[in-house]
Amino acid sequence: MDFKAIEKKWQNVWEKEKLGYFNNKNASKKYYCLEMFSYPSAARLHLGHWYNYAPTDSFARYKKMKGFEVFQPMGFDAFGLPAENYAIKTGVHPKDSTDKNIENMEQTLKGIGAMFDWNSEIITCNEDYYKWTQWLFLKLYEKGLAYRKEAPVNWCPSCKTVLANEQVVNGVCERCNSTVVKKDLTQWFFKITDYAEELLQGLDTIDWPEKTKLMQRNWIGKSTGGEVEFTAESGDKFKVFTTRADTLFGVSYVVLAPEHQLVKKLTSEKQKEAVEKYVYETSKINEIERLSTAKEKTGVYIGHDAFNPINGKKVPIYVADYVLYSYGTGAVMGVPSHDERDFAFAKKYDLPIVRVIKGASAGVDDALPFTDDGVVVNSPGFDGLTSEEARKQIINSLVKVGAGEHKTNYRLRDWLVSRQRYWGAPIPVIHCDKCGIVPVAEQDLPVKLPYDVEFTPDGESPLAKHEGFMNVKCPICGGPAHRDPDTLDTFVCSSWYFLRYPDAHNSKEPFNPEIINSMLPVDKYVGGAEHACMHLLYSRFITKALRDMGYLNFDEPFKSLVHQGVILGPDGNRMSKSKGNVISPDPYVEQYGSDVLRLYLMFGFSYTEGGPWSEDDIKAIIKFLERVERLYGKIKEINSKNKEIGKDEKELLYATNYAVKAVDKDMEVFSFNTAVARLMELVNALYKYDGIENKNANVFKECYKTLILLLAPCAPHFAEEIWEMMGQKFSIFNAKYPVCDESALVQDEVEFAVQINSKMKTKMMIPNGLGEEEIKQLLFKNDKIATEIEGKTIKKLIIVPKRLINIIL
């Protein structure tokens, strides 16, 4: 069979017949299957695209044959840094390069032969999409979920521009290798922290990988404790959050984050130079490094002290890089006796170490630093209490004097959505000196992204240099005003795209709530695990926010989530150009067709794990499909009139129905490799049956027909062609998926492995339902076994039903 020719043929037929397009009349049977949409890069589809899209399409086709009305749309996450960087480098406008790349990728995606509903395609950089991204911003602003504040950004002094985290490699700018520092800018944020608790609790209600749910739980980072207010000598107050209020009497110093506003104010003249130098050096270090447990803890005394509210003792204030201003209060208390990090810090800077917790029993090793709970000591008024009791009572005592409160803290921070970039959705806000922040009216959306923009980095947002875009009249007072020069983080575009797909051409609203509430949540979402704490979390937040505004009636966007694994190079390493182990799918598609590559990706790897590429396994897939095709020739020529259901027929029917049951179960859980392995076993069973002389033509044909139906989702073009050759009605994907006949799985005889003293001797077919004595008699009649046990006493007969007999002599 010419795989390439039949693929072109069937792709044209499927498109003409709109086979993959959603039929709204069957919406009650909907199944929303969604792959994470891709960025339109200049390259053709790489193996990662194929591994995400092709096997998931097979799952979607399987669902269609199971009777669901499958909705499987496709689009492009088209805003972002790569196109803008390409424009800076080459002068090619981001819109031009993006449009061209989308055109190329549409063609290559169609070459997969996937069942995508192209009628619902969305492209996030098009005005008819980002208009509604801007609408989303305005709705969040109306609800108090979008706000501005000053925040640190990555700044390259050489390029004079803000860099995204991805552009900072090992602390230097990826463009010029200059050291990157932190700089404060006024930015827009979404208040995702308002939903921290619900985002945490909602994880218990969704079918997601446990590892991903754990990553989100850790990212949200719930801690229960207390907030304690310290007072500086100057009278300025600052708060620290602690889960160990039982150790408050052991505080021997406090630490402020280098970015804390009190650092400048409280630093003494004597310490000013040392503190400023330390703060500047810290600005060069990213947050991950600052929090690393392997990094030595450093700090500088600011020349100012604070008072511990529990006992009035004076403690020194330090500035240290291991405290982040963006997390918690930006200040922590140091208890060297009961924290390993604080112990090392105190030793380094010769600070007091005071035990306030001892082991609860005599046998406990409570050498300092003792970090476990225990019994409180050296804490007047609280000595003898357990740690748990003391935590509550110490905070209660502070509450009475207005110096503390019980508090639940979250590691989660609000989502910074401002980008000092061009290629993104403009923020729909006008700034007026008289009226302040003025949201753009909904009827004036979209705020269009101008085409004629200067990209050369010079420290300003590209849009800020475009006078025609920036200078406007204030909608309230009519006076001179200017637009916001920033664009939205591209994660905002992807935080709601799944809501647009089912109503992609609606020009009056982002989506019709009635349509979306009937089509959502997404039933199966498939994509990379690298999005666990960004895209997936943001999408959950936006869904909950829109629900609370009355637009949605569901809590979670994605019912069930699957992460595909990573395909490695043939050498077992991650593919990279530098290692020379990158495998392009194109030559394989060109030579063998997309079905061969799809089937290999399904068979050669555990889908959620991936693994190394193997050239040999590709060839095995070709041979498998050729064997399936040859079987059709054999069935076509058969003219036997045998109607009997004998032993051979029962064996084939068993193999067929066993395959139906196993493949059905495996496809449902994305265990594609074992599903294809079962199909290969069924092909072997069909060839075995073909080897007998007097075949039952009807049984042979029906079992082969079942094979093709099971194979169809995994090799769609091939199966559609065989289906047509068999004279069946178009399309195989409108046919019903096979159902297991459980009665065929009840065997008259079962093959047992026979062992003597746990050593394998032979295999025997034994009728079902025999007792131990009857089985013994059959064993005695087997020549090989009879010879081995002649003259010996059988001490024990171990029978594992339908599998094993072990004769113990």
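Helix α5 is mostly covered in this predicted model. Of its 16 residues, twelve are buried. They are Tyr129, Tyr130, Lys131, Trp132, Thr133, Gln134, Trp135, Leu136, Phe137, Leu138, Lys139 and Leu140. The helix spans residues 127–142. From its first C-alpha to its last it reaches 22 Å, close to the 22 Å expected at 1.5 Å a residue. Gly144 follows α5 and has a positive phi, near 75°.

Two other helices pack against each other. Helix α21 covers residues 647–668, and helix α23 covers residues 697–711. Their axes come within 10 Å and cross at roughly 15°. Angles under 35 degrees count as roughly parallel, so α21 is roughly parallel to α23. The crossing is left-handed. On the α21 side, the contact is made by Glu649, Leu652, Leu653, Thr656, Ala659, Val660 and Val663. On the α23 side, Val699, Phe700, Cys703, Thr706 and Leu710 take part. In an α-helix there are 3.6 residues a turn, so residues three or four places apart point the same way.

The cysteines were examined next. The count of disulfides is zero. A disulfide requires two cysteine sulfur atoms within 2.5 Å. The closest cysteine sulfur to that of Cys714 belongs to Cys33 and lies 14 Å away, so the two are too far apart for a bond. Cys740 is in no disulfide either, and its nearest cysteine sulfur, that of Cys703, is 12 Å away. Cys714 is buried, with a relative accessible area of 1%. Cys740 also counts as buried, at 18% relative accessibility, because the cut-off for buried is under 20%.

Methods
Residues numbered from 1 in each chain as written. Predicted model: local features only at pLDDT ≥ 70, side-chain atom pairs only at ≥ 80, totals over all residues. Heavy atoms only, no water. Buried < 20%, exposed > 50% of the residue type's maximum accessible area, 1.4 Å probe, protein only. Helix = DSSP H or I, 4+ residues; strand = E, 2+ residues; numbered from the N terminus. Expected span 1.5 Å × (residues − 1). Axes fitted to C-alpha atoms, helices over the stretch in contact; angles between N-to-C directions. Parallel < 35°, antiparallel > 145°, perpendicular 65-115°, else oblique. Left-handed = near helix turned anticlockwise from the far one by under 90°. Contact = heavy atoms within 4.5 Å.
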